[in-house]
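Reader: I would like to learn how to read backbone angles and a chain contact. Please take one feature at a time.

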Amino acid sequence: MLMELDPSTRRTLRKALRNRNIRVGGAIVAAFVLMGLLAPFIAPYDPTKGNLRESLLPPCSKYPFGTDFAGRDVLSRVIWGARTSLIVSTVSVFIAVIAGVLVGGLSAYVGGWIDEVVTRIVDVMLSFPDILLALFVAAIVGPGLENVIVAVALYNFPQFVRIMRGSALQVKEMEYVEAARAIGESNASIFARYLLPNSLAPIVVHATLRTAASILTAAGLSFLGLGVQPPIPEWGQMMSDARTYLVTAPHVWIFPGVALFITVLGFNLLGDGLNDVLNPKMEV
Amino acid sequence: MLLTVDGLRVSYHTDEGIVRAVDGVTFSLDRRETLAVVGESGSGKSTLALSVMGLLPKTARVEGSIRFLDRELTTMREEELRRLRGDRMTIVFQEPMTALNPVFTIGRFMRDIYLTHREGSEEEALSLAREWLSKVKVPGPDKVLNSYPHELSGGMRQRVLIASSLMLEPDLVIMDEPTSALDVSVQAQILRLIAELKSQVEASFIFITHNLGVAAAVGDRVAVMYAGRMVEVASKEEIFSDPMHPYTKGLLRAVPKVSGGEVEPIPGSVPSLVNPPSGCRFHPRCPLADERCSEEEPELRKVRPGHWVACHKVSG
C-alpha cells in the first residue's frame, strides 16, 4: 500500500512516523477513537443504569473505577463518555472546518468589500474569549447534544475562517494561480483545484488542535450544566456530578478527569507533530 | 495581421499617484513572426504581455485597442477571453519553479489544459501531452507525466510549460522572460529549443526579455521599451548594425563583450512611472537631449521601411 504512493507523500509519511509527538499523540488519539467507537462492546456495564445500593463504591474488583452516586459503573461511563466527546468534538470541528474553509477561502479569493466585511465579523467573533462565545450560544439555544455541537462549531468557526483566509491570500499570489488563469481555467476551477488544496496544510494542523480544545469546551459546558444532559455519560458532566463527593469519593471525578487530560494531551501532541511535518513545507 | 496593438495605455491608481505602466504602445504582429520586446525592469514589458492576455489585475485601467484574430480584446467579456486563453493565446512565465500547481502531476496539468478547451478523451489528452513532452526533449515523457512539479528541475519544468503552451497549437505565444530564472547553461538550451520549435509551429511569438543578446537570438524584430513606451522597433539585424535611438545605443554599449573593451553604463536610472519626465522620457539621461526633448514628446515614426524610432534627434 505504502509503495503505491508517490515518493513525496511517502517521504512525508515516513517523516510523520518518525516524529515522536505524532507517535505518542497518534496512539492516544487512536485509543480514544477506538474507545468511543467500541464503547458498546468494551464497557462492562450499562452506563446509564445504576444500582442505588452500590452507590459511591470505591474501586474494587467488580467495579475497577468504582461507582458514582447513582451506583453506575464509572469505568463504563468513562468509556461511553469518550464516545460523547468524540461525537461532539469531531462533528463540531468538521462543521467549523467546512464552513471556515469555504468562507475564508472565498473571502480571500473574491477580496474587495466582501473580504472586508467577513474579516470584521470574524474579528468581532474572535474578540470573545473562547468559552464565552460557546457559553453564549449554549445559553441561547439551550442544553443538549446537538446544541453543544452547534455552540462548539460556532466558536471554532472564526478561527478557521481566519487561518484559511491568511493561507489562501498567500496562495492566491502564487504564480501558478495566475498561470491557471492564463490557461483559461474558470474562477470556480481555480478556487476548487488550485486555491483550496494548496491552502489546507495549516487547517489540518489547526483542526487537530481545535479538536482538543473542543473536547475541553464541551466538557466545560457540560460541567456548567449547559451541555450534554444526563443520563448521557459525558466527562465534564461526570465531574460536575462528583463535586458533592469531592473528598469522600474522589474516584468519581479523578477517572473522567484523567481521561479528559490524556485525550486532550494526545490531540495536542498530534497537532504539534503534524505542524512539524506539514507546515514548514519542505518542498515547494 | 494576427495582433494589432494601438495606443495601448495601462495605468494603476496608487497612493503615490497614477502609475502609467504602459503609455501609448502601438505595434502589430504578423503570423509566424517573433517580436522580441527588450527593456529594463519597470519599462512596462511585462504589463504589455499581461494586457494582451487580459490578465491585468482588476485595478488596472486599460485604454487603446488590442485586436487579436480580428476581435477586440480590451472590451471582450471575461468568459470569451477565458476561452481564448490557453487555447488561441498562451503565456510562459518567468518562474518555472512556482508556475505549476504543486498538488497536480504534470500529466493532470497538461490533461486539464486540453480538456478545458477541447472535446476529447483523457487518453487523447495524455497522448498529445506525451507527444509534446518529447518535442520539447523531456527525457522519459511517461515518467514526467506522473511526476509532481517539485520532482523536476527548473529547466525541466520550463520545458513542460513550453510544451503546455504549444500543445493546442495556439496563434500567439507570449514568453515573459522564460529563461531569466534559469542557470546560464540551461538558459542556452531552452533558447535553442525555442528557436527550434518556432520553425515547427504556426504560432507567432512575443518574446519578452531584458537581455539584448537573447532578443537577437530569438526575435525576427526587436522592440525596445523605455518607461512604458516603445522607443525603437526594427529588424534584429538593424537593431544591432544600425541602432538609432540613443537609449538603444546605450544599451548596446552597456553589454559586456567577450572581446573585452569598456562597458559603458547608461548614466542615471529608470524614471518613476508616477511622475515621468516631460517630453521624451529618456531626455534626462540622453547625451543628445536639448530643449525640445524636454518639452515635446517624440512620436514613434518610420525612418526607413521596417525601422521605427521615437526620437527628435534622428532625422529621416
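Author: Start with Arg32(B), in the loop between strand 2 (17-29) and strand 3 (34-38) of chain B. Strands (E, at least two residues) and helices (H or I, at least four) are DSSP runs numbered from the N terminus. This is a predicted model, where local features need pLDDT of at least 70, side-chain atom pairs count only at pLDDT 80 or more, and totals for chains, interfaces and linings use all residues. Residues are numbered from 1 along each chain as its sequence is written, with chains lettered from A and ligands numbered from 1 in the order in which they are written.

Reader: Which loop holds Leu69(B), and what is its phi?

Author: Leu69(B) sits between strand 4 (60-68) and strand 5 (71-72) of chain B. Its phi is positive, near 55 degrees, and it too is not a glycine.

Reader: Why is Leu69(B) classed as partly exposed?

Author: A residue is buried if 20 or more other C-beta atoms, placed from the backbone, lie within 10 Å of its own, exposed if 12 or fewer, and partly exposed in between. Leu69(B) is partly exposed because it has 13 such atoms within 10 Å; for Arg32(B), also partly exposed, the count is 15.

Reader: How many residues does each chain give to the contact?

Author: Two residues are in contact if their C-beta atoms, placed from the backbone, lie within 7 Å. Chain A gives 19 residues and chain B gives 22. On the side of chain A that touches chain B, helix 8 gives the most, with seven residues.
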